[in-house]
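Welcome! Here is a short tour for someone meeting this protein model for the first time. Please have a look at the fold, and then read on.

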Amino acid sequence: MSLEPVKVKNLLLAAAREIAAHVDVLTDLDCALGDGDHGTTMKKLTNVMFDKLESWDQTTNLKEGLESLNDGLEDVSGGSAGPLFGAFIYGMAAAADPNAPSTDAFIKSILLGAYDEFFITSKAVVGDKTMMDAIYPATEVIRTSTADMKTTLQKAAQAARAGSDNTAEMLAKYGRARYIGERCLGHQDPGSVTFAYFYEGLAKGYSA
């Protein structure tokens, strides 16, 4: 069965749109914990995604397309969110197999690859109040699910959102937030919220 590049395109575009629609929320969260630039950085990154993904069609080589997307993201300046988000996309590109047996198998493999590269780059674990608090639970759903991909992505989105919500009760171990101690309690980590939106976008994009 041949892969469906447009389906993958729609998936990633929906994820980018979901993040871009909530840039103000991300900015407000980062103002409470950091230097307030997270929303601005994510706006730059999603703009690159819109630009790079728009040209994808049924003839697109998905590995080459993801590599091009990664190249574009590497040029974005900003805070730590840029390299971390870039690592996630790099992991997708590295894991992309144009000969995958199905589009769903391809989607699963790139999302698992994204986690692997993100973990290597960030070294964060669940409980550190970072992006990982959303990425890890979502990835475990994707890794272990026996349901169809539509249901799997919906459950992954729910897991990411729950993980992100939990960060409000955590002390930060990375970034500027680690310097404010208990004052960060009651505030969600903006990076984890970004990835909650990302996985929610994936679920919407798959069902569109």
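Let us start with Asp-28, which is exposed because its relative accessible area is 55%; buried means under 20% relative accessible area, exposed over 50%, and partly exposed in between (1.4 Å probe, protein chains only). This is a predicted model, in which local features need pLDDT of at least 70 and side-chain atom pairs count only at pLDDT 80 or more, while totals for chains, interfaces and linings use all residues. Residues are numbered from 1 along each chain as its sequence is written, and side-chain values use heavy atoms, with hydrogens and water left out.

Asp-28 belongs to helix 2, residues 23–33; helices (H or I, at least four residues) and strands (E, at least two) are DSSP runs, numbered from the N terminus. Its C-alpha atom is separated by 9.0 Å from that of His-38, 10 residues apart along the chain.

Which residues of helix 2 are buried? They are Val-23, Leu-26, Leu-29, Asp-30 and Leu-33. These residues sit on the same side of helix 2 because they cover an arc of only 125° around the axis, the arc being that of the directions from the helix axis to the C-beta atoms. On the other side of helix 2, Asp-24, Asp-28 and Cys-31 are exposed. The buried residues of helix 2 pack against helix 1 (5–20), helix 3 (38–53) and helix 9 (190–207).

The largest nonpolar core has 60 residues, and Leu-66, Phe-85, Phe-88, Met-92, Phe-198 and Tyr-199 touch the most other members. Such a core is a set of buried Ala, Val, Leu, Ile, Met, Phe, Trp, Tyr and Cys residues joined through side-chain atoms within 4.5 Å. Neighbours within four places in sequence aside, Phe-198 is in contact with Ala-15, Ile-19, Phe-85, Phe-88 and Met-92, where contact means heavy atoms within 4.5 Å.

Asn-70, in helix 4 (residues 62–74), is buried because its relative accessible area is 5%. With neighbours within four places in sequence left aside, Asn-70 is in contact with Gly-86, Ile-89 and Tyr-90.

Now for the charged pairs. How many salt bridges are there? The count comes to 3, a salt bridge being a side-chain nitrogen of Lys or Arg within 4 Å of a carboxyl oxygen of Asp or Glu.

| Salt bridge | N to O distance |
|---|---|
| Glu-18 and Lys-204 | 3.1 Å |
| Glu-140 and Arg-143 | 3.0 Å |
| Arg-161 and Glu-200 | 2.8 Å |

The side chains of Arg-161 and Glu-200 meet in a salt bridge. This pair links distant parts of the chain, with Arg-161 in helix 8 (residues 149–166) and Glu-200 in helix 9, 39 residues apart. Glu-18 forms a salt bridge with Lys-204. That pair also links distant parts of the chain: Glu-18 is in helix 1 and Lys-204 in helix 9, 186 residues apart. Glu-18 is buried, as its relative accessible area is 13%.

Glu-140 and Arg-143 both lie in helix 7, 3 residues apart, about one turn of the helix. Glu-140 counts as partly exposed at 24% relative accessibility, and Arg-143 is partly exposed with a relative accessible area of 34%.

Finally, look at Val-125, in the loop between helix 6 (103–122) and helix 7 (132–144). Val-125 counts as partly exposed because its relative accessibility is 41%.
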